[in-house]
Amino acid sequence: MTKTYAPIRLPEKFDLLTERWQPRVVAEMNDYQFKIARLQGDFIWHHHADTDETFIVLEGILRIDFRDGEVTLQAGEMFVVKKGVEHKPFAEEEVKLLLIEPRGVLNTGEQRHERTAENDVWI
């Protein structure tokens, strides 16, 4: 019997995701999760002490602020925030993005906040 394989269709996954700042898992590779998220507005200053975090912008413009500067990402661009670096994402208009990070990483880093998303939620 032949197994059926199917791609993960990100546009369809985004259609299921209506909340902002609530990353949802779409795939795993080893101990890393691929998460989609809708962002708009200002997030909180935070860091991830033990891991890097990769942002890949699929639609929109994302600015990531750092204490000593910023980087602006447009659709088709990515950036890796190194572990321990404090950062704060901001999107004037809605952004759709793909995050890559180890399983179990909280979106607000080492702190709990009203924007802390539940971990390991698949869509």
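Because the model is predicted, local features need pLDDT of at least 70 and side-chain atom pairs count only at pLDDT 80 or more, while totals for chains, interfaces and linings use all residues.

**Stop 1**

Select Trp21, which sits in the loop between H1 and E1; helices (H or I, at least four residues) and strands (E, at least two) are DSSP runs, numbered from the N terminus. Trp21 has a positive phi of about 60° although it is not a glycine. At 5% relative accessibility, Trp21 is buried (under 20% relative accessible area; exposed is over 50% and partly exposed in between, with a 1.4 Å probe and protein chains only).

The structure holds two aromatic pairs, where rings of Phe, Tyr and Trp (its six-membered ring) pair if their centres lie within 6.5 Å, and planes under 30 degrees apart count as stacked, over 60 as edge-to-face and the rest as tilted. Trp21 and Phe43 are stacked, at 4.6 Å centre to centre and 15° between the planes. Phe43 is in the loop between E2 and E3 and Trp21 in the loop between helix H1 (10–16) and strand E1 (24–29), so this pair ties together parts 22 residues apart in sequence. Phe43 is buried, as is Trp21.

**Stop 2: Phe66 and Phe79**

Next, pick Phe66 and Phe79: their ring centres are 5.9 Å apart and the planes are at 55°, so this pair is tilted. Phe66 belongs to strand E4 (residues 61–66) and Phe79 to strand E6 (residues 78–81), so the parts they tie together are 13 residues apart in sequence. Phe66 is buried at 14% relative accessibility, whereas Phe79, at 27%, is partly exposed.

**Stop 3: the cavities**

A search of the whole structure finds two cavities of 30 Å³ or more. On a 1 Å grid over the protein atoms alone, a cavity is a set of points where a 1.4 Å probe fits but cannot get out, and lining residues have an atom within 4 Å of a point. Grid points are joined across faces, edges and corners, and a volume is the space filled by probe spheres set on the points.

The largest cavity has a volume of about 110 Å³. Select its lining, which includes Trp21, Phe43, His46, Glu53 and Leu99. Strand E2 (32–42), strand E3 (53–59) and E7 each give two or more residues to this lining, with E7 giving the most, at three.

The second largest cavity has a volume of about 60 Å³. Among the residues lining this cavity are Pro23, Lys35, Leu106, Asn107 and Ala117.

**Stop 4: Ala117**

Stay with Ala117, in the segment after strand E7 (87–102). Ala117 is buried, at 5% relative accessibility. Beyond its neighbours within four places in sequence, Ala117 is in contact with Trp21, Gln22, Pro23, Leu106 and Asn107 (contact means heavy atoms within 4.5 Å).

**Stop 5**

Select Arg67 with Trp45: Arg67 lies over the Trp45 face, 3.8 Å from the ring centre. A charge sits over a ring if NZ of Lys or CZ of Arg is within 6 Å of the ring centre and within 35 degrees of the ring normal.

Finish at Asn30, in the loop between E1 and E2. Asn30 has a positive phi of about 55° although it is not a glycine, and its relative accessible area of 67% makes Asn30 exposed.

How values were computed: Residues are numbered from 1 along each chain as its sequence is written. Side-chain values use heavy atoms; hydrogens and water are left out. On a 1 Å grid over the protein atoms alone, a cavity is a set of points where a 1.4 Å probe fits but cannot get out, and a pocket is an open set with protein on both sides within 12 Å along at least five of seven lines; lining residues have an atom within 4 Å of a point.
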